[in-house]
Amino acid sequence: MLTEVSVREVVGSLKEPFLHKTLAELNAIEEVKIKEEKNHVSVKIGIARTGTSEQLQLQTQIVNLLKEAGAATVGIRFSELPEEVLAAHRHAEPEKKDKNLLNSDHTTFIAIASGKGGVGKSTVSVNLAVALARLGKKVGLIDADIYGFSVPDMMGITKRPVVRDEKIIPVERFGVQVISMGFFVEDNAPIIWRGPMLGKMLNSFFNEVEWGEIDYLLLDLPPGTGDVALDVHTMLPACKEIIVTTPHPTAAFVAARAGAMALRTEHEVLGVIENMAYFESKITGEKEYVFGQGGGDKLAEELNTEVLGRLPLNQPDWNDEDFAPSVYQEDHQIGKIYLEIAEKTVSLLNK
Ligand SMILES: Nc1ncnc2c1ncn2[C@@H]1O[C@H](COP(=O)(O)OP(=O)(O)OP(=O)(O)O)[C@@H](O)[C@H]1O
């Protein structure tokens, strides 16, 4: 059973990332609370700069250590250390590292966008990433849908990233390196961060994660044309885009706004994916266009691009041994369509 003393001992040994003294030395553990019945530990930590990628790393370290020490769930709040502590230690602040994935000319960024929620953008992002990995590509996936992160659950990820040499190591699943805001939030707690902080978090996903040499980095964007989508467009001038829509013409109309945003920021739209395009009867093989028809074509025409693929309404075959509720297996009818879309994407990028 964890006690306040043991929590302070475990957490206190970690280094504050800016001042390079331990949290114990800086007296930075401001509060420890333990709810014994739920085995929940919450801590309040002082740090030199809040809302930074360094905070994210420290948070990951604390969660991992406390869970190793026996906590079921961990809650962390951060506050800024008092000015006198900062003044006493500021001289120890090191130079900022400049290794930056954004400067890499090897990696192609592909953002998956949609005009509204629920059209299957995350399902498409996950399966396209897996399909690219099945083609032998080195693939990363950022779940940038920070308000509604769903990628870890969809892929059946139970592990959390670890920190090594001050870098966050993504979790590998189906050959894809995955990073999600969901990894850094406890108990599905809602994220109530303000706009600028979201941009910072996203930036840290690019810079502070050890991606290695990846060929494609896919980003599952939040739906619509809000702050984060705009941040991505501005942060990644060379980003390519794929727009997901359902086949109903009005859905395509809304999706066109996401496309327009991409074009305005001079991002090349690689193509459109029409999801939930039809229902195919298992008995007769007949196709029923339950959500209408023509939305994908209309959108592609409007954006002067092509339809990369159409996916029917279908559920993956769930596999109890390797559970991933949204990932289609390679030999599944839909898994094969995703492979075709992945091949098309690669050939478009190699042109
Ligand atoms: N082709 C499909 N057939 C059947 N169900 C699907 C299909 N595509 C997606 N779904 C289901 O529809 C729901 C919404 O999908 P998903 O979360 O991928 O959408 P989204 O556009 O990313 O939504 P949001 O942006 O709101 O997170 C999920 O339950 C998903 O399993």
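**Entry 1**

I count two strands as paired if DSSP finds at least two bridges between them. With that in hand I turned to the hairpin of β1 and β2, which has 4 residues between the strands, and noted that Asn39 takes a positive phi near 55° there. I keep in mind throughout that this is a predicted model.

How many bridges join β1 to β2, and do the strands run parallel or antiparallel? I found 6 bridges between strand β1 (residues 29–35) and β2, and the two strands run antiparallel. As one example of a partner across this pairing, I wrote down Ile29, whose bridge partner in β2 is Ile45.

I then followed β2 to its other listed partner, β3, and found that 8 bridges join these two strands, which run parallel. Here I noted that His40 stands opposite Thr73 in β3.

Next I went along strand β2 (residues 40–47) to see where its side chains point, and they alternate.

**Entry 2: two domains**

I looked up the domain assignment of the chain, which gives domain 1 as residues 4–92 and domain 2 as residues 101–350. Taken over C-alpha atoms, the centres of domain 1 and domain 2 are separated by 33 Å. The contact between them takes 12 residues from domain 1 and 16 residues from domain 2.

Which elements give two or more residues to the side of domain 1 that touches domain 2? They are α2 (53–68) and β3 (73–80), and the largest share of that side, 7 residues, comes from α2. By class I recorded 2 nonpolar, 10 polar and no charged residues on this side of domain 1.

**Entry 3: around the ligand**

I moved on to the ligand and found that 19 residues surround it, the closest being Gly117, Gly120, Lys121, Ser122 and Thr123. Helix α4 (residues 121–134) gives the largest share of this shell, with 3 residues. Sorted by class, the shell has 5 nonpolar, 12 polar and 2 charged residues.

I also checked the UniProt record, an unreviewed entry, whose "binding site" annotation covers Gly115, Lys116, Gly117, Gly118, Val119, Gly120, Lys121 and Ser122.

Val119 is found in the loop between β4 (108–114) and α4. Is Val119 buried or exposed? I put Val119 down as buried, because 25 other C-beta atoms lie within 10 Å, and the cut-off for buried is 20 or more. Leaving aside neighbours within four places in sequence, Val119 is in contact with Ser114, Val244, Thr245, Thr246, Ala251 and Asn275.

Ser122 has its place in helix α4, and Ser122 counts as buried because it has 26 C-beta neighbours inside 10 Å. Not counting residues up to four places away in sequence, Ser122 touches Asp145, Ser150, Val151, Met154 and Asp220.

**Entry 4: two asparagines in loops**

I looked up Asn27, which has a positive phi of about 55° although it is not a glycine. Asn27 lies in the loop between α1 (4–12) and β1, and I listed Asn27 as partly exposed because 13 other C-beta atoms lie within 10 Å.

Asn304 likewise has a positive phi of about 55° and is not a glycine. Asn304 lies in the loop between α9 (295–302) and β15 (307–311). Asn304 has 9 C-beta neighbours inside 10 Å and therefore counts as exposed, given that 12 or fewer is the cut-off.

**Entry 5: helix α10**

My last stop was helix α10 (residues 333–350), where Glu343 is found. Gln333 lies in helix α10 as well.

Why does Gln333 count as exposed? Gln333 counts as exposed because it has 12 C-beta neighbours inside 10 Å, and a residue with 12 or fewer is placed in that class. Glu343 has 14 C-beta neighbours inside 10 Å and so counts as partly exposed.

I also noted two C-alpha to C-alpha distances: Gln333 and Pro312 are 21 residues apart in sequence and 9.7 Å apart in space, whereas Glu343 and Ser180 are 163 residues apart in sequence and 25 Å apart in space.

Conventions:
Residues are numbered from 1 along each chain as its sequence is written. This is a predicted model: local features need pLDDT of at least 70, side-chain atom pairs count only at pLDDT 80 or more; totals for chains, interfaces and linings use all residues. A residue is near a molecule or strand if its C-beta atom, placed from the backbone, lies within 6 Å of it. Ala, Val, Leu, Ile, Met, Phe, Trp, Tyr, Cys and Pro count as nonpolar, Asp, Glu, Lys and Arg as charged, and the others, Gly among them, as polar. UniProt positions are given in the numbering used here, feature names are shortened, and annotations may be inferred rather than shown by experiment. Two residues are in contact if their C-beta atoms, placed from the backbone, lie within 7 Å. Domain bounds come from an automatic or database domain assignment.
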